[in-house]
Amino acid sequence: MAQAKVQAKMSDPPCNKFSRTMSMADRSGRLLENLDDLETRVEALRETASAMEQERECILEMLQSIQNSQEMRNICAGEREELDLTANRLMGRTLCVEVSVGTIRSSQQEDALRMATTIIDEMVKKLLDDMQNGRMRLLALLAACVTEAPPVPIDQKFQALVISCALEDQKKIKRRLETLVRNVENAEKNIKIMDHQKLDDPKANGC
């Protein structure tokens, strides 16, 4: 009788109780997949925010360019005032958009970024006193941030600092220098145009 019960028990279908239980390795693998998916989304988020940050900078630069353009000087005062008010309104709305992408840095990268920023800030202060030499200095700093061979001497000290910065900071330094160079070139063009107009003005020549 007892032997019959044992044989009957052995012939019963296997219980699925333990087959439904997820192993530790399966749980770890699933969590790792979730983290991988989230990492992809995090990188996409940072790239989108960085693109928005660059778009904000581009809009502000274009608005300033319009306000300082020769076309603005060639229209009557009333229309120029209206356009200037519109540009200021758009600039204010753009400045209200705050986009910031933080960068994780080591202590060495923090020091390198601080020193590189100080060099650029000091150069900006000198631009008003000597724009031509300041422009050449900016080009030398920018040459330290590009991979292609530039037509100007490279500031080796500044290049070493930039290389020591975090990759995202390197890109921001390059963008800032490019913007500064464009602004200086536009300012030089405007000065030449205004000076040329002054020489061509009969009243300016005492006629």
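Before we zoom in, a handy definition: buried means under 20% relative accessible area, exposed over 50%, and partly exposed in between, using a 1.4 Å probe and protein chains only. This is a predicted model, where local features need pLDDT of at least 70, side-chain atom pairs count only at pLDDT 80 or more, and totals for chains, interfaces and linings use all residues. Residues are numbered from 1 along each chain as its sequence is written, and side-chain values use heavy atoms, with hydrogens and water left out.

View 1. Helices (H or I, at least four residues) and strands (E, at least two) are DSSP runs, numbered from the N terminus. Of the 207 residues, 24% count as buried. Take contact to mean heavy atoms within 4.5 Å; among contacts between residues at least 6 apart in sequence, 66% join residues at least 24 apart.

**View 2. Glutamine 70 in helix H3 (residues 70-73).** Glutamine 70 is buried, with a relative accessible area of 14%. Its side chain makes a polar contact with the side chain of asparagine 74, at 3.0 Å. A polar contact is a pair of N or O atoms within 3.5 Å; within protein, one must be able to donate a hydrogen and the other to accept it, and residues adjacent in sequence count only if both atoms are side-chain atoms.

**View 3. Leucine 161 in helix H7 (residues 156-164).** Leucine 161 is buried too, at a relative accessible area of 12%. Leaving aside residues up to four places away in sequence, leucine 161 touches Ala112, Met115, Ala116 and Ile119. Leucine 113 lies 48 residues from leucine 161 in sequence, yet their C-alpha atoms are 7.3 Å apart in space.
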